[in-house]
Amino acid sequence: MPGPGVPLAGIGAGLLSAVLLGEGLGANLLLCAVAATAAASLSARSAGRKVRPWTVVWTVGALALLMVPVISAAGWPAAPAIIVAAGIGSLALHGGSRWSGVLLGPVGFWAHVTISVPWAAGGLRGANLPGRGQAVQILKAVGVSAGLLVVFGSLFAGADETVADLLEGLTPSLDTEDLPLRALLFLVGLLVSLGAAHTAAAPRRWDRFPVAPGKQRSRVEWALPMTVLSLLFAVFVSAQVAAVIGSDHAIRTKPGVIPSQFAREGFWQLLWVIVLTLVVVALAKRWAPRETAGDRLMVRVLLSVLCALTLAVVASAIYRMQIYVDAFGLTRLRISVAAVELWLGVVFALIIVAVVLGSQRWLPRAVVLSAVVGTAVLGLSSPDAWIAEQNVTMSGRTGKVDIDYLRSLSADAVPALDRLSGDRRTCALQQIAEDLSDEVPWYATSLSEARARDILRDRPVEQDRGAACRRVGVQVERYGW
């Protein structure tokens, strides 16, 4: 059974979730995660578990990913960052170096949640809790402190409007109408933190999940399909070198297909090729002949060649996407395309290294770590700001800009969109300004939103029911505009 500090830390995490969550995302999610991490740390220490280097790596990675909603207001990079953070947070708790441990651990975490409450309750029973007299003293101290804060805080707020705004922003806002939601958030925060604590104390070793080795195939049966596939890849890569790198004009002027449509279609085709190649490599490695040194050398050579050719496919796709970005500007889809392609290229490079070295024990962790780094870089770099900056810069050269698309960006784009002039600026910023008109607590907003509010406060945007947008050719349908 855990010590009393573990269930108390879980209750604290639940209270923090109830108070801070529910009004938006910002530092609140990170603070709740830190509270859950504290509960897990206390539990692991009481169970005698030692801190391992990979546990530190995954914990730091998860907390770094939760910095994305603190920095950026865009939801599309924040959502995968939160999902990946949850996955590697579970990996930090139960460990795992094989694919079974990496893939099954996040699913198995929820089994700990169901038994964590009675386990934590057992830690409270029999604990040496403060006596009645000591409890009364603690309550008196808390009450006096709260009274002093209310009295002097009110006086300082009345003396200075800036201090009043600061205190109002720092104080969590609670509404009786939100009590059901707050109760639900408390329950979720409590269960997640206690589940993390139980996992840290007694993790299930998913690495021990039995995986039977694949049946070896003969050299001809295995090598012929791999050689044919490699030759097909070589033909495709050669065609790409001639058609894409040799003449990007041919791509831009392909009859019957607009360039942006061609880029999207090409991405999905190449993505399927890359994903299926991953499946082929995994199955080929499982069924590869491995009895003799010659067998093992043949497997290494053919798998390395196939992975290297796949890297060339990835490189050609990224190069082609760069052509379209230069010509037609950045979009969220194109950034996502480039990010996924780059990450898959890194995965294949890691596979090549594993095949050449003949050791794969480190590969699952390396693949996960590459996903963590890629997701963190994408989210923390505020991609909506890239999009706005690149499109506004292009408009200075061409005089053309897709205001309708720029209107859909988040508050990250405000510094760049503020450089537009006249009706273009008004139309591009109207929706963002309206979304930012409601004040939210400091812990439920991002730094990008705070910066955007400062800019829009200095240079307000007129809400003209879509008149400016109509003048620049954008039809606004929301709210009857």
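Mentor: Before we start, buried here means under 20% relative accessible area. Also keep in mind that this is a predicted model.

Trainee: Got it. So what share of the residues in the protein is buried?

Mentor: Buried residues come to 41% of the 481 in the protein.

Trainee: And how many helices and strands are there?

Mentor: The protein has 21 helices and zero strands.

Trainee: What about contacts with a separation of 6 or more, how many of those are between residues 24 or more positions apart?

Mentor: Those pairs account for 79% of them.

Trainee: Let's look at helix packing. At what angle do H1 and H9 pack?

Mentor: About 145°, with the axes 7 Å apart. H1 covers residues 5-20 and H9 covers residues 179-201.

Trainee: Is that crossing left-handed or right-handed?

Mentor: Right-handed, as H1 passes H9.

Trainee: Which residues meet there?

Mentor: On the H1 side they include Val6, Gly10, Ile11, Gly14 and Leu15. The H9 side includes Arg182, Phe186, Gly189, Leu190 and Ala197. By class, the H1 contact with H9 has 13 nonpolar residues, five polar and one charged.

Trainee: Now H5 and H15. How far apart are their axes?

Mentor: They are 9 Å apart, and the two helices pack at about 150°. H5 runs over residues 75-94. The crossing of H5 and H15 is left-handed.

Trainee: Which residues does H5 bring to H15?

Mentor: Pro77, Pro80, Ala81, Val84, Ile88 and Leu91, and they meet Val368, Val372, Thr375 and Gly379 in H15. That contact of H5 with H15 has eight nonpolar residues, two polar and no charged ones.

Trainee: Changing topic: how many disulfides does the structure hold?

Mentor: One. Cysteine 427 and cysteine 469 form it, with their sulfur atoms 2.1 Å apart. The pair links distant parts of the chain, since cysteine 427 is in helix H19 (residues 422-435) and cysteine 469 is in helix H21 (residues 467-471), 42 residues apart.

Trainee: What's the handedness of that link?

Mentor: The link of cysteine 427 and cysteine 469 is right-handed, with 105° about the S-S bond.

Trainee: Is cysteine 427 buried or exposed?

Mentor: Buried, because its relative accessibility is 0%. Cysteine 469 is also at 0% and counts as buried.

Trainee: And where do cysteine 32 and cysteine 307 stand, buried or exposed?

Mentor: Cysteine 32 has a relative accessible area of 9%, so it is buried. Cysteine 307 is at 0%, so it counts as buried too.

Trainee: On to the serines. Where does serine 116 lie?

Mentor: In helix H6, residues 99-124. Serine 116 counts as buried because its relative accessibility is 0%.

Trainee: What lies 2.8 Å from a polar atom of its side chain?

Mentor: For serine 116, that's the backbone oxygen of valine 113.

Trainee: And which residues does serine 116 touch, leaving out those up to four places away in sequence?

Mentor: Serine 116 touches Leu191, Leu194, Gly195 and His198. Leu194 of H9 also turns up among the residues that meet H1.

Trainee: One more. What's the phi of serine 382?

Mentor: Near 55°, a positive value in a residue other than glycine. Most residues other than glycine have a negative phi.

Trainee: Where is the place of serine 382?

Mentor: In the loop between helix H15 (363-380) and helix H16 (383-398). With a relative accessible area of 10%, serine 382 is buried.

Notes: Residues numbered from 1 in each chain as written. Predicted model: local features only at pLDDT ≥ 70, side-chain atom pairs only at ≥ 80, totals over all residues. Heavy atoms only, no water. Axes fitted to C-alpha atoms, helices over the stretch in contact; angles between N-to-C directions. Helix = DSSP H or I, 4+ residues; strand = E, 2+ residues; numbered from the N terminus. Left-handed = near helix turned anticlockwise from the far one by under 90°. Contact = heavy atoms within 4.5 Å. Nonpolar A, V, L, I, M, F, W, Y, C, P; charged D, E, K, R; others polar. Buried < 20%, exposed > 50% of the residue type's maximum accessible area, 1.4 Å probe, protein only. Polar contact = N/O pair within 3.5 Å; in protein donor to acceptor, adjacent residues only side chain to side chain. Disulfide = S-S within 2.5 Å.
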